[in-house]
Every structure is written in structure tokens, then in C-alpha cells.
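I would ask you to look at the sequence and the structure together as I speak.

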Amino acid sequence: MTVDDCLFCKIVNKEIPSEFLYEDDAFVVFRDINPQAPVHLLIVPKKHIRSINDLTDDDKEIISEIFMVGKKIAKIENVNKSGYKLVFNVEKGGGQVIFHIHLHLIGGWKK
Ligand code: AMP
Ligand code: ZN
């Protein structure tokens, strides 16, 4: 499912060029355009889901796998040992500005 005016659907569908650090059947991972830390990645399901509020039972696999992708990417980016944050912003009051669900992986701060 895609939404015509959704930026992340366009990135997922390669209508807007973006460099993927990782891609599989269900996810893409790319760098945040406005990083809040030395490492700031976005883990984005290919399926268009507006926010955590819109998850259904059908999405259980996506929402468990997204953390497994996070774990894998943290190791690739070498922040697994130093530590990192995994964050979902939910709706406007929670700081969400792109309404296609995504998990922020943030880390890489100097000790
Ligand atoms: P959120 O506030 O959780 O919706 O996060 C959306 C994130 O997407 C923000 O951190 C933006 O900096 C980031 N962002 C917006 N447009 C792009 C883009 N074209 N490529 C990469 N990241 C983007
Ligand atoms: Zn979308």
C-alpha cells in the first residue's frame, strides 16, 4: 500500500533517489537528512502505515522485525557497544512530521 503524497513511500519506491544503507523485502534504512546525532538513521517499513496508532494485528511481524533490523544496523554502524536510542515519534504532539511509520536509530556520541 502506498500513499501518493507520502515522501517515505516515494523514497521506498525509489521515485526520490536516496542511498539505502540496508534494504530487504520489508524495510529500507537511510540516513536522516537533518541528523540529531553523529549517527541518525531511519528504519522505514515498505508498507505505508501512518503511525504506531494505526498498527493492526497484521503488522505484528513488521513491528517485531523493525527492532531486529535496528539491532543489525547498530552493529554495522558500530554503535552497538557504545549504545544508541531507538525512537518512534507518534503523531504531531509526539514530534512526528512524516506520517509513514519509521524508527529513529540515534547514537555515535563521543564518550
Ligand atoms: P519524525 O519527526 O519522527 O516524523 O521524523 C521524520 C524525520 O525525517 C526527520 O528527522 C527528518 O529530518 C527526516 N527527513 C525528512 N525528509 C527526509 C529525507 N528526504 N531524507 C531523509 N530524512 C528525511
Ligand atoms: Zn508512505
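In this predicted model, three elements each supply at least two residues of the lining of the largest pocket: helix 1, residues 7-12, strand 2, residues 27-31, and strand 3, residues 39-45. Which of them gives the most? Helix 1 does, with three residues.

The space in this largest pocket comes to about 340 Å³. It is lined by 18 residues, and those closest to its centre are F8, D32, I33, L42 and I98.

I turn now to the nonpolar cores. The largest has 17 residues, and V29, I43, V69, I73 and L105 are those with the most contacts inside it. Strand 2, strand 3, helix 2, which spans 60-76, and strand 5, which spans 103-107, are the elements that give two or more residues to this core. The element that gives the most is helix 2, with five residues.

Let us take V69 as an example. What does V69 touch, once its neighbours within four places in sequence are left aside? The residues in contact with V69 are then Y22, D24, F27, V29 and I43. Apart from this core lies another, of nine residues, and F8, V12, L42 and V44 are among them.

The next topic is charge. Side chains of opposite charge can pair when their charged atoms come close. How many salt bridges does the count come to? The count is six.

I begin with E23 and K46, whose side chains meet in a salt bridge at 2.9 Å, N to O. This pair links distant parts of the chain, for E23 belongs to strand 1, residues 20-23, while K46 sits in the loop between strand 3 and helix 2, and the two are 23 residues apart. E23 counts as partly exposed, because its relative accessibility is 36%. K46 likewise counts as partly exposed, at 23%. Both residues also belong to a network of salt bridges that links K14, E23 and K46.

A further salt bridge joins the side chains of K47 and D59, at 2.5 Å, N to O. Both partners lie in the loop between strand 3 and helix 2, twelve residues apart, and this pair too links distant parts of the chain. D59 counts as buried, because its relative accessibility is 2%, and the cut-off for buried is under 20%.

For K60 and D57, the closest N and O atoms of the salt bridge are 3.9 Å apart. Here both residues are exposed.

Finally, I would draw your attention to V3, which is placed in the segment before helix 1. V3 is partly exposed, because its relative accessible area is 27%. Where its neighbours within four places in sequence are left aside, V3 is in contact with C9 and H48. V3 and H100 are 97 residues apart in sequence, and their C-alpha atoms are 9.2 Å apart in space.

That concludes my presentation, and I thank you for your attention.

Methods:
Residues numbered from 1 in each chain as written. Chains lettered and ligands numbered in written order. Predicted model: local features only at pLDDT ≥ 70, side-chain atom pairs only at ≥ 80, totals over all residues. Heavy atoms only, no water. 1 Å grid on protein atoms, 1.4 Å probe; cavity = no way out; pocket = protein on both sides within 12 Å on 5 of 7 lines; lining within 4 Å. Points joined across faces, edges and corners; volume = space filled by probe spheres on them. Helix = DSSP H or I, 4+ residues; strand = E, 2+ residues; numbered from the N terminus. Core = buried A, V, L, I, M, F, W, Y, C linked by side-chain atoms within 4.5 Å. Buried < 20%, exposed > 50% of the residue type's maximum accessible area, 1.4 Å probe, protein only. Contact = heavy atoms within 4.5 Å. Salt bridge = Lys/Arg side-chain N within 4 Å of Asp/Glu carboxyl O.
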